[in-house]
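Morning, everyone. Let's talk about aromatic rings and the core. Have a look at the model first.

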Amino acid sequence: MFKTATPILASLNADETIQFYTEKLGFTFHNNWDGYIILSKDDIGLHLWPTNDESIPKNTGCYIYVTEVDQLYAEYTAQGVVHPNGKLKNMPWGMRQFSILDNSGNIIHFGEDIRAK
């Protein structure tokens, strides 16, 4: 029954968030309704809502399942957005993953299933 999900994260500044996601992460910008932002990349949708509370994005994040995680890691390393403690590695639960922090402080993990490889 379930088909897909869209993470909804917090944004401290709409213009800076749009710039970060489009220029650093390669997302496509769709809409900005009074600070509520809609972006996408491939089959992934991402929404961000406005807040002035800096503690919210520092305590939220999401996990995005990807293919070709090594290539994505190289791209995001070149953009300087990989979290210092989120380097690419194989995890005991069968994912090869890395993490970034966005411009507001949300953590985003990108992972590829390596159990069948």
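By contact I mean heavy atoms within 4.5 Å. Keep in mind that this is a predicted model.

Start with Phe98. Which residues does Phe98 touch, leaving out those up to four places away in sequence? The list is Val69, Leu72, Tyr73, Tyr76, Val82, Gly86, Lys87, Leu88, Ile108, His109 and Phe110. Phe98 is buried, at 1% relative accessible area.

Now the rings. Searching the whole structure gives seven aromatic pairs. Take Tyr63 and Tyr65. Their ring centres are 4.9 Å apart, and the planes sit at 45°, so this pair is tilted. Tyr63 is partly exposed, with 28% relative accessibility. Tyr65 is exposed, at 59%.

Next, Tyr73 and Phe98. Here the centres lie 5.1 Å apart and the planes meet at 70°. Over 60 degrees counts as edge-to-face, so that is what we call this pair. Tyr73 belongs to helix 2, residues 69-78, and Phe98 to strand 7, residues 95-101. The two are 25 residues apart, so the pair links distant parts of the chain. Tyr73 has 18% relative accessibility; the cut-off for buried is under 20%, so Tyr73 counts as buried.

The pairing goes further. Tyr73, Tyr76, Phe98 and Phe110 are linked by ring pairs into a cluster.

Last, the core. How many residues does the largest nonpolar core have? It has 25. Among those with the most contacts inside it are Tyr76, Phe98 and Phe110. Elements giving two or more residues to this core include helix 1 (14-24), helix 2, strand 7 and strand 8 (107-113).

That's my tour. Over to you.

Conventions. Residues are numbered from 1 along each chain as its sequence is written. This is a predicted model: local features need pLDDT of at least 70, side-chain atom pairs count only at pLDDT 80 or more; totals for chains, interfaces and linings use all residues. Side-chain values use heavy atoms; hydrogens and water are left out. Rings of Phe, Tyr and Trp (its six-membered ring) pair if their centres lie within 6.5 Å; planes under 30 degrees apart count as stacked, over 60 as edge-to-face and the rest as tilted. Buried means under 20% relative accessible area, exposed over 50%, partly exposed in between (1.4 Å probe, protein chains only). Helices (H or I, at least four residues) and strands (E, at least two) are DSSP runs, numbered from the N terminus. A nonpolar core is a set of buried Ala, Val, Leu, Ile, Met, Phe, Trp, Tyr and Cys residues joined through side-chain atoms within 4.5 Å.
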